[in-house]
Amino acid sequence: MSEDNPLAPPPWLNAPPVGPYPYEESHDLRVGPKLHPTLDGLLPYVGVWRGRGRGGYPTIEDFDYAQEIRISHDGRPFLFYESRAWILDEQSRPVRPAGREVGWWRPVLAGERATDELEALMTTPTGVMELHIGKRKGTQLEFVTDAVVRTSTAKAVSAGHRLFGIVEGALLYAQEMAAVGQPLSPHLSARLTRVAG
């Protein structure tokens with residue numbers, strides 16, 4: 001559209017097709033783009049992790065689950081986080097898909113240098129988005145919710161607290177949640193081992 005001819009087609013309308021996304025993202029530090037230097041403190045988390053966990057909440061029965069977490073980067077100063085979980089029966093067989101989550105972790109910068117403070121945005125397909133503020137201490141990360149946004153049909157989640165740590169090469173985490181009228185209560189905990197990266 002231009003001032004001379006406000007009804008002219010936009011310049012992209014007849015442009016040639018584009019190829020696939022041209023930039024690499026990697027969960028393996030040996031290939032792909034170089035890790036942004038502000039992410040050095042989060043380097044131990046980059047990879048694909050798989051393992052088992054136990055879940056529960058005051059309003060539901062306890063359950064066992066399996067989970068895969070992929071933490072990757074594309075050379076910019078943030079990490080991409082993706083989690084998929086599935087419920088297990090007593091014989092460790094898959095029963096059904098469970099929670100999914102995607103998000104981004106990024107260090108808070110002081111000039112060009114990363115501090116030990118972190119920001120994380122976590123989103124679920126069930127309509128809940130959590131903004132977390134965190135701290136890094138060695139290989140331990142602690143996040144607390146700063147804000148929770150949810151759709152009108154989402155579960156009434158109001159707060160969360162998460163601890164992540166790398167312990168003897170494994171990724172361990174515990175998650176607390178305040179939801180459906182309950183105070184902050186234990187919800188999920190798991191131990192995952194690196195399977196790629």
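Analyst: Buried means under 20% relative accessible area, exposed means over 50%, and partly exposed lies in between, with a 1.4 Å probe and protein chains only. This is a predicted model, in which local features need pLDDT of at least 70 and side-chain atom pairs count only at pLDDT 80 or more, while totals for chains, interfaces and linings use all residues. Residues are numbered from 1 along each chain as its sequence is written, and side-chain values use heavy atoms, with hydrogens and water left out.

User: OK, so is D74 buried or exposed?

Analyst: D74 is buried, because its relative accessible area is 18%. Its side chain meets that of R76 in a salt bridge at 2.7 Å, N to O, a term for a side-chain nitrogen of Lys or Arg within 4 Å of a carboxyl oxygen of Asp or Glu. R76 itself is partly exposed, at 43% relative accessibility.

User: What does D89 pair with?

Analyst: D89 and R93 meet through their side chains in a salt bridge of 2.8 Å, N to O. D89 is buried, with a relative accessible area of 17%, whereas R93 counts as partly exposed at 47%.

User: And how many salt bridges turn up in the whole structure?

Analyst: The search finds 14. One of them joins the side chains of R54 and D64 (2.9 Å, N to O), and this pair links distant parts of the chain, with R54 in strand 1 (residues 47-57) and D64 in strand 2, ten residues apart. Strands here are DSSP runs of E with at least two residues, numbered from the N terminus.

User: Switching topic, how much space lies in the largest pocket?

Analyst: About 780 Å³, where a pocket is an open set of points on a 1 Å grid over the protein atoms alone, fitting a 1.4 Å probe, with protein on both sides within 12 Å along at least five of seven lines, and lining residues have an atom within 4 Å of a point. The volume is the space filled by probe spheres set on those points, which are joined across faces, edges and corners.

User: Which residues are closest to its centre?

Analyst: Of the 30 residues that line the largest pocket, G99, R100, K155, H187 and L188 are the closest to its centre. Strand 4 (94-110) and strand 10 (185-196) are among the strands that each supply at least two lining residues.

Key. Helix = DSSP H or I, 4+ residues; strand = E, 2+ residues; numbered from the N terminus.
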